[in-house]
Amino acid sequence: MKLLRMFSTEQAKGTAHYLDTQKKYELLRTILYFAISLVLFVAGYIQTHSRANLLTIIAVLGCLPASKSAVSTIMYFRYKSTSEKTMDEGDKHCQGLSGLYDCLFTSYKVNFSVAHLAVRGNTVCGYTEEPSFDEAAFNQHIQDILKLDGHKEVTVKIFTDLSKYINRLEQMKELPPEEEKTAKILATIKSVIL
């Protein structure tokens with residue numbers, strides 16, 4: 001139980017090292033699911049000396065969740081967690097702001113990796129470590145999600161330059177807190193990130 005709690009996705013989502021934790025969790029889960037299917041197949045074969053038995057059917061059906069878990073594993077292994085430098089700077093300059101780490105946004109065409117994201121009122125500001133980040137496509141994607149959840153007139157800006165992002169974080173501290181609005185926008189964002 002303690003091992004499951006350590007890798008719980010609900011506890012870790014949006015926190016530092018979330019992607020690293022998810023990689024381990026998904027890999028362990030995939031191995032476990034495939035191992036269960038293999039053990040069931042072998043047990044059925046040993047018992048009946050034939051592949052045509054009920055345990056083989058159960059083992060094959062058990063490959064469905066194992067395969068789904070393998071796809072999740074591949075998805076998480078494509079991305080890296082936020083660098084230590086970004087985490088240190090984010091922690092230092094995000095005091096008083098609500099922030100998230102390791103945000104993976106998925107869309108039909110492209111996936112967006114945002115290393116750090118800060119929210120205050122109706123302002124969302126983020127930093128990505130991807131040099132070829134398509135900010136226009138991301139803004140369209142996140143604005144559509146926010147509008148569907150009833151959030152209007154939300155300003156979204158993603159930076160690829162850490163110093164400019166830090167300057168924006170300092171400016172955001174001067175905005176009115178609007179804690180209720182901030183909490184609702186954070187909830188929406190958390191519900192759509194991997």
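In the predicted model examined here, the protein has a radius of gyration of 21 Å, whereas a compact globule of 194 residues would have one near 16 Å. Along its principal axes, the C-alpha trace spans about 75 × 35 × 35 Å.

The protein contains 8 helices and 4 strands. Read along the sequence, these elements follow the pattern α-α-α-α-α-β-β-β-α-β-α-α. Among contacts between residues at least 6 apart in sequence, 67% join residues at least 24 apart. Of the 194 residues, 40% count as buried. The protein exposes about 11,500 Å², and carbon and sulfur atoms supply 60% of this area. With regard to charge, the mean positions of the 23 positive and 21 negative charges are 6 Å apart.

Helix α3, which covers residues 18-48, includes E26. Because buried means under 20% relative accessible area, E26 counts as buried at 5%. When neighbours within four places in sequence are left aside, E26 is in contact with S69, S72, T73 and Y76. V39 is also found in helix α3. Exposed means over 50% relative accessible area, and V39, at 56%, is therefore exposed. The C-alpha atom of V39 is separated by 9.5 Å from that of L55, a residue 16 positions away along the chain.

In soluble globular proteins, nonpolar side chains tend to be buried together. In this model, the largest nonpolar core has 19 residues, and those with the most contacts inside it are F105, V114, L117, V124, F138 and I189. At least two residues of this core are supplied by each of β1 (98-106), β2 (111-120), α6 (135-148), β4 (155-159) and α8 (179-192). The largest share, 4 residues, comes from β2. Apart from neighbours within four places in sequence, V114 is in contact with D102, C103, F105, G126, Y127, T128, F133, F138 and I158. A second, separate core of 12 residues includes L97, A115, A118 and Y165.

How values were computed
Residues are numbered from 1 along each chain as its sequence is written. This is a predicted model: local features need pLDDT of at least 70, side-chain atom pairs count only at pLDDT 80 or more; totals for chains, interfaces and linings use all residues. Side-chain values use heavy atoms; hydrogens and water are left out. Buried means under 20% relative accessible area, exposed over 50%, partly exposed in between (1.4 Å probe, protein chains only). Contact means heavy atoms within 4.5 Å. A nonpolar core is a set of buried Ala, Val, Leu, Ile, Met, Phe, Trp, Tyr and Cys residues joined through side-chain atoms within 4.5 Å. The radius of gyration is taken over C-alpha atoms; the globule rule is 2.2 Å times the number of residues to the power 0.38. Accessible areas come from the Shrake-Rupley method with a 1.4 Å probe; for residues, only the protein chains shown count as cover. Lys and Arg count as positive and Asp and Glu as negative; His and the chain ends are not counted. The place of a charge is taken as NZ of Lys, CZ of Arg, CG of Asp or CD of Glu.
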